[in-house]
Amino acid sequence: MFYFYILECRDKTLYCGSTKNLENRIKLHNSGKGSVYVKTRGGGKIVYSETFTSVGDAMRREIEVKKWPRHKKLQLIQN
């Protein structure tokens, strides 16, 4: 399985990503090794995720949602 996820950083910004192992990815983010963006914001928590059968589908979803404005991402999280 592959995942698209939205992580809410400690400063309340939203980070979109994709991964094969969601649990490991959040651990990496919170240890400061996941991405520079999240590292500079002190880590965070996953507030939304979707499951896919291929890495390509998960990455396409990540690319799609990254282009959205913040309010649209918040709507997705709340639904």
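## The sheet

Two strands count as paired if DSSP finds at least two bridges between them. On that basis, this predicted model has an open sheet of three strands in the order β2-β1-β3, with antiparallel pairing. β2 and β3 sit at the edges with a single partner strand each, so one side of each has no neighbour in the sheet. From one strand to the next, the twist averages 20°.

Looking at β1 and β2, we find six bridges joining these antiparallel strands. Ile6, for instance, has Cys16 in β2 as its bridge partner.

## Helices on the sheet

α3 packs on the sheet and touches β1, β2 and β3, with its direction at about 35° to that of β1. α4 packs on the sheet too, touching β1, β2 and β3, but here the direction makes about 60° with that of β2.

Now for α3 itself: residues 55-66 make up this helix of twelve residues, and its first and last C-alpha are 16 Å apart, close to the expected 16 Å. Its buried residues are Ala58, Arg61, Glu62 and Val65. They all end up on the same side of α3 because they span an arc of only 100° around the axis. Their cover includes β1, β2, β3 and α4.

## The cores

The largest nonpolar core has eleven residues, among them Phe4, Ile6, Cys16, Ala58, Val65 and Leu76. β1, β2, β3 and α3 each give it two or more residues, and β1 gives the most, with three.

Methods: Residues are numbered from 1 along each chain as its sequence is written. This is a predicted model: local features need pLDDT of at least 70, side-chain atom pairs count only at pLDDT 80 or more; totals for chains, interfaces and linings use all residues. Side-chain values use heavy atoms; hydrogens and water are left out. Helices (H or I, at least four residues) and strands (E, at least two) are DSSP runs, numbered from the N terminus. The expected span of a helix is 1.5 Å times one less than its number of residues. Buried means under 20% relative accessible area, exposed over 50%, partly exposed in between (1.4 Å probe, protein chains only). The arc is that of the directions from the helix axis to the C-beta atoms. Contact means heavy atoms within 4.5 Å. A nonpolar core is a set of buried Ala, Val, Leu, Ile, Met, Phe, Trp, Tyr and Cys residues joined through side-chain atoms within 4.5 Å. Axes are lines fitted to C-alpha atoms, for helices over the stretch in contact, and angles run from 0 to 180 degrees between N-to-C directions.
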